[in-house]
Protein chains: 2
Amino acid sequence: MQNVVDFIQANSDRYIGELREFCAIPSVSTKSEHKKDVERCAHWLAEHMRKIGLEHVEVIPTQGHPIIYADWLHAPGKPTTLLYGHYDVQPPEPLELWESPPFELTLRDGDLYARGVVDDKGQVFIHLKALEAFLRNTGRLPVNTKLMIEGEEEVGSENVYKFMEAEKKRLEADALVVSDTSMLGKGIPSVCYGLRGLCYFEVEVQGPAQDLHSGSFGGGVPNPINVLCEMMAKLHDPDGRVAIPGFYNDVRALTKKERQQLRRLPFSEKRFQETTGARKLVGEKGYSTVERIWARPTLDINGLFGGYTGEGAKTVIGSKATAKFSTRLVPNQEPAKITRLVRKHIERLAPPSVKVTFRVHSEGKPWVAPFDHPVVQAGRRALEKGFGKKAVFIREGGSIPLVTTMYEELGKPCVLLGFGLPDENAHAPNERMNLENYLKGILSIAYFYDEVGRTPAPAARAA
Amino acid sequence: MQNVVDFIQANSDRYIGELREFCAIPSVSTKSEHKKDVERCAHWLAEHMRKIGLEHVEVIPTQGHPIIYADWLHAPGKPTTLLYGHYDVQPPEPLELWESPPFELTLRDGDLYARGVVDDKGQVFIHLKALEAFLRNTGRLPVNTKLMIEGEEEVGSENVYKFMEAEKKRLEADALVVSDTSMLGKGIPSVCYGLRGLCYFEVEVQGPAQDLHSGSFGGGVPNPINVLCEMMAKLHDPDGRVAIPGFYNDVRALTKKERQQLRRLPFSEKRFQETTGARKLVGEKGYSTVERIWARPTLDINGLFGGYTGEGAKTVIGSKATAKFSTRLVPNQEPAKITRLVRKHIERLAPPSVKVTFRVHSEGKPWVAPFDHPVVQAGRRALEKGFGKKAVFIREGGSIPLVTTMYEELGKPCVLLGFGLPDENAHAPNERMNLENYLKGILSIAYFYDEVGRTPAPAARAA
């Protein structure tokens, strides 16, 4: 193991340079204009996998963006891990708020800046570089490993589910590994054992058939923006609770013990507030911030537009107004049931004067794991070796629906080893990844594969 | 007069061709990128005025867009009219909804299509062509006339007020004439005797200092779009009344007689609804549509945007959300007072978790005239001659704040002779003007100047 560790420590400059190439490809999955870039990114990554010695590397076309599969399976009697990650990224807009171009990786004050650097290109690369270190120095890996890296994580992962359904045999493994989450804070290595689910919706309200002069028609016709605001205002009650009837019915309440554990974490509300830059933290009455963002379901409007949005004033009544909004779900909420409740509520709120169109963008389940599982404990030990510090167990407010599906449908344990930080702007301008976390991440993941290799396969299999 | 009428009837093709040139200049006053186009439009129009024989033509620079002044003052003992109009236009967006390019005048099924064709370029041109017909055929005009055509009507007319303040002498007249309104319907020549006022506002809500990942932060921070929707939803009560305390305090109630007159007008709610394309007409409880749009104050959100507004889904909590909204005012509401009430209400609605910025774009007074004034009656007679039909007296939901100022501060009567139609998309894609109304408008306005010339100057002065 020592030569693997030495190799990793000697190659940090190359690790930055290669990540720069990866981040230079604008693999924005939500925009059709970037379809070719997404494909180009998939091929670049596949080529890189071949170069470091992975086998059966394949770029698999889907109805959307391609999936990359690779493996290395020459460790008989050892457990098999399946790495899941994604090479697609969020749109970079608003561009004017970036301090360096979003697709030019830039090192500034100890952080690497680029769209996708932490979500999830840098974290996928952490695994590739750890695997490379073993293959280059020992000619083999301490475990059997499979990799499935997709290009639609930011748009609902629709085609990965189909792929998993069709390729159960090829994807068989003892444990799923994901690095797409954050640490609790700088210097606190963290194992994530819970994720929220996500349902993403879009509502369009149409009033008049075309834009109208607000003087000649104002007061006599339904204004779709007024209507949409009134509808959206009725999604929460004054206590910050989601006001959709039945929304909380299946929520598993936090136990006293869980709440105690959450309180004991080194989580600073003040620091969190500073990270957001908000004047005040708000949320569901009766819960702490950590509880609100990790263990309680929420609803946020992600985008809203209608009428004249340019410079200056235009006296118009717009024909249409649109809201994009999403719910974050916790165990045991069912996305399909939540979608039904939301749709029903929206239909109930829509006045007869307007036409309302309701659309579901994506649905993903929440997940919580038992953290005494051997693979999860191997993750903890690896982080503690890599960072030289005690690790904590945390949950994450974000969503990786695939983790839930793997856990539920394939009966496999998942371990989430994230190397991001909460203030690294994963979906915002100036996305970044701390360089030290990137390099210690590679080390930790090398330790992780080593630790899993010491776990007997049957134990890993005992999910 | 007969040779003037014959001349007008023989020149309709030229009247279309010249209007095409006028409409080809994208004089969009609200967008700074069009500043040069607006200036070019002013010079084109001034040159045209010189060509038809108007005198003292001047393009007067302002802190914003230029004002054009011209006159012809060789009719001693006759009244002096002041024509007010504007050569600036609304933005053409959304471009994809135009069936022909917005700045290429196109004749289709009896209508002329172009941005600004009816609001107000075509209607300004109606006057120029009527004046031209007199000057070409008789070498003189039946009245003294002054023209003030501005380039900032669509953005609040700020600099025209300063100009009027500074140039009282130059603008002295017996009556103001404006053609910037609509007829009640096709084939119904209409004299407009009332306009609503306008206050236009913008509110920006800032939550976090930058966009945040809606998974990692959702439920723990103030979402500015959620907040803005909740604020905007509180601007109306369930009866469709504006819910701003004090908003209705100064509204002059409609008398029984006024309501009777409005009911007798050939106004079809069904036809109006078809024009808008809305499923249902809505508005303030207890009032008819005509009352709502002409004689009751209203509030509409004209534009709203925040978060991700592109294609697909983005799981973001936006940093900011913005609403543009405006109130239409009726006598005796005072814009400055309304602005104070709205500002106070917005401040009261803003929760302490967000930063709210309130901005006033423009303020303009409402206006109602006595319709027995000699100049107004001259207008009625002229329309009846031009269209060969009985004219009606109507009000207009839109705003021309300058009319009010002229009426109040200079003590001069105003006559509003509009040749638009309510469904001509003045502020929307596919703006159009009915060709027959354009040509009959030129004829009517020629009769109007003739009629005013027969009114003794002192009578016209007895406002």
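In chain B, the residues B:Val4, B:Val5 and B:Ile8 of helix α1(B) meet B:Ile442, B:Leu443 and B:Ala446 of helix α15(B); two residues are in contact if their C-beta atoms, placed from the backbone, lie within 7 Å. Helices (H or I, at least four residues) and strands (E, at least two) are DSSP runs, numbered from the N terminus. By class, this contact of α1(B) with α15(B) has six nonpolar, no polar and no charged residues. Here Ala, Val, Leu, Ile, Met, Phe, Trp, Tyr, Cys and Pro count as nonpolar, Asp, Glu, Lys and Arg as charged, and the others, Gly among them, as polar.

The structure is a predicted model, in which local features need pLDDT of at least 70 and side-chain atom pairs count only at pLDDT 80 or more, while totals for chains, interfaces and linings use all residues. Residues are numbered from 1 along each chain as its sequence is written, and chains are lettered from A and ligands numbered from 1 in the order in which they are written.

Helix α1 (residues 2-10) and helix α15 (residues 435-454) of chain B pack at an angle of about 160°, with their axes 10 Å apart. Axes are lines fitted to C-alpha atoms, for helices over the stretch in contact, and angles run from 0 to 180 degrees between N-to-C directions. The helices α1(B) and α15(B) are therefore roughly antiparallel to each other (angles over 145 degrees count as such).

In chain A, three strands form an open, antiparallel sheet in the order β4-β5-β18; two strands pair if DSSP finds at least two bridges between them. The edge strands, each pairing on one side only, are β4 (106-108) and β18 (432-434) of chain A. From one strand to the next, the twist averages 30°. Strand β5 (residues 111-113) of chain A pairs with β18(A) over three bridges, and A:Asp111 has A:Asn434 in β18(A) as its bridge partner. Helix α4 (residues 117-138) of chain A lies across β5 and β18 of that chain, at about 50° to β18(A).

Between the chains, 88 residues of chain B are in contact with 88 residues of chain A. On the chain B side, strand β11 (residues 298-307) gives the most, with nine residues. By class, that side has 32 nonpolar, 39 polar and 17 charged residues. Strand β11 (residues 298-307) of chain A is joined to β11(B) by five bridges, and the two run antiparallel. The bridge partner of A:Gly307 in β11(B) is B:Gly303.

Definitions and conventions:
Angles under 35 degrees count as roughly parallel, over 145 as roughly antiparallel, 65 to 115 as roughly perpendicular and the rest as oblique.
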